[in-house]
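The sequence and the model come first, and the description follows.

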Amino acid sequence: MQSAASVSNLKKRATLLQNLRRFFDRREFTEVQTPVLSRDSIIDRHLDPIEVEMQLPGEPTATWYLQTSPEQSMKRLLGSGIGSIYQIGPVFRGNERGRIHNPEFTMAEWYDVGADLEGGLKLLDQLLMELLETQSADRIRFEDAFRNATGLPLFEMDSRELGKWAVEKGLVESQRWSSDWDDWVNLIFSDRVQGTLGMQSPVLVTHFPASQAALARVCESDPRTAERYEAFYRGVELANGYHELMDADQLESRSILANEQRLRDGKKPLPIQNRLLDAMRSGMPNSCGCALGFDRVVMLACGASNLDEVVSFVAENA
């Protein structure tokens, strides 16, 4: 009947929420609210939106999606000329439950109009210092973090070599687990690299492989990499940011590829044509965007070890 989270943790959560809003309000970002339920969904190989069958008056029953991120709607607002914006609210991802996962969680997402990669990194660093009372974050490129933890030269290894290493280290039993380079990179990163990151102070991992660009631009100076970054603290991933892709045709191509990967993984494809593509083709301002897992920030700020300790009611008790 009662919350597993303590009253003190819930009050700390409220204070952090106030601090988060003040941070963006001081910088004259506009707080927005966008739909949680939409007929469109971000297409990501690894994110499973929760489907809702719904009928509007005069229309046939259709599949709608609880949003895995407010990204599509927020970017459509950017195209409307609103300027820099932020949002704090619930997002939903199916098949996610664990120590630092819950199917419904609170995300803070923002878009800084006119910012480049460096601007995005600085803003995230300032926010983490304010919320977690830490010193400035360290920075490391994905390739270097990978090498430091494993000794492996990331971009010099193919999927077969990465698979052989993973099997030798006992991460999986057989190389038949996958033939995909990114699968092996993700497995090794999550098992051997992530837990080493940000143990003393937060760390910003930059320049992810271009094959994992998602909605970020490919880096012109090193096309093997993308202008994507993530924040880690005490081994926990906190935020994921992009110098935002502006090319609608490239986004459509990436979405088609992600759907092909979803089908190979035994998942449903998601709608390719959506209002975000329309907005991008109409013109959108340059921006740097980032999404922060607010529950995880609260967990670390409270010294908790599990999201259950800082969320009023998790899935089993909702």
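## Cavities

Two cavities of 30 Å³ or more are found in the structure. On a 1 Å grid over the protein atoms alone, a cavity is a set of points where a 1.4 Å probe fits but cannot get out, and a lining residue has an atom within 4 Å of a point. Grid points are joined across faces, edges and corners, and a volume is the space filled by probe spheres set on the points. The model is predicted: local features need pLDDT of at least 70 and side-chain atom pairs pLDDT 80 or more, while totals for chains, interfaces and linings use all residues. Residues are numbered from 1 along each chain as its sequence is written, and side-chain values use heavy atoms, with hydrogens and water left out.

The largest cavity has a volume of about 60 Å³. Its lining includes Ser41, Gln72, Leu251, Ser255, Asn274, Leu276 and Leu277. Helices α7 and α8 are the elements that each give two or more residues to this lining. By type, the lining of the largest cavity has six nonpolar, four polar and no charged residues; Ala, Val, Leu, Ile, Met, Phe, Trp, Tyr, Cys and Pro count as nonpolar, Asp, Glu, Lys and Arg as charged, and the others, Gly among them, as polar. The second largest cavity has a volume of about 50 Å³, and Lys75, Glu244, Met280 and Ser287 are among the residues that line it. That lining divides into seven nonpolar, one polar and two charged residues.

## Second largest pocket

A pocket is an open set of grid points with protein on both sides within 12 Å along at least five of seven lines. The second largest pocket holds about 280 Å³ of space. Of its 18 lining residues, Arg13, Glu104, Phe105, Thr106 and Val311 lie nearest the centre. Two or more lining residues come from each of α1 (7-26), β5 (85-92), β6 (104-113) and α9 (294-301). Twelve residues of this lining are nonpolar, three are polar and three are charged.

## Strands

Helices (H or I, at least four residues) and strands (E, at least two) are DSSP runs, numbered from the N terminus. Two strands pair if DSSP finds at least two bridges between them. An open sheet of eight strands has the order β1-β5-β6-β11-β10-β9-β8-β7, with mixed pairing. Its edge strands, β1 (30-31) and β7 (138-141), each pair on one side only. Within this order, β10 (236-243) and β11 (287-293) are antiparallel and share five bridges, with Gly241 opposite Cys290.

Strand β4 (62-66) pairs with β2 (37-38) in the antiparallel sense over two bridges, and Ser38 stands opposite Tyr65. Strand β3 (50-54) also runs antiparallel to β4, joined by five bridges; here Met54 has Ala62 as its bridge partner.

Helix α4 (142-150) has Phe142, Glu143, Ala145, Phe146 and Thr150 buried. Their arc is within 165°, so they too line one face of their helix. The cover over them includes β7, α5 (159-168), α6 (181-193) and β8 (203-206). Gly151 follows α4 and has a positive phi, near 80°.

Technical notes:
Buried means under 20% relative accessible area, exposed over 50%, partly exposed in between (1.4 Å probe, protein chains only). The arc is that of the directions from the helix axis to the C-beta atoms. Contact means heavy atoms within 4.5 Å.
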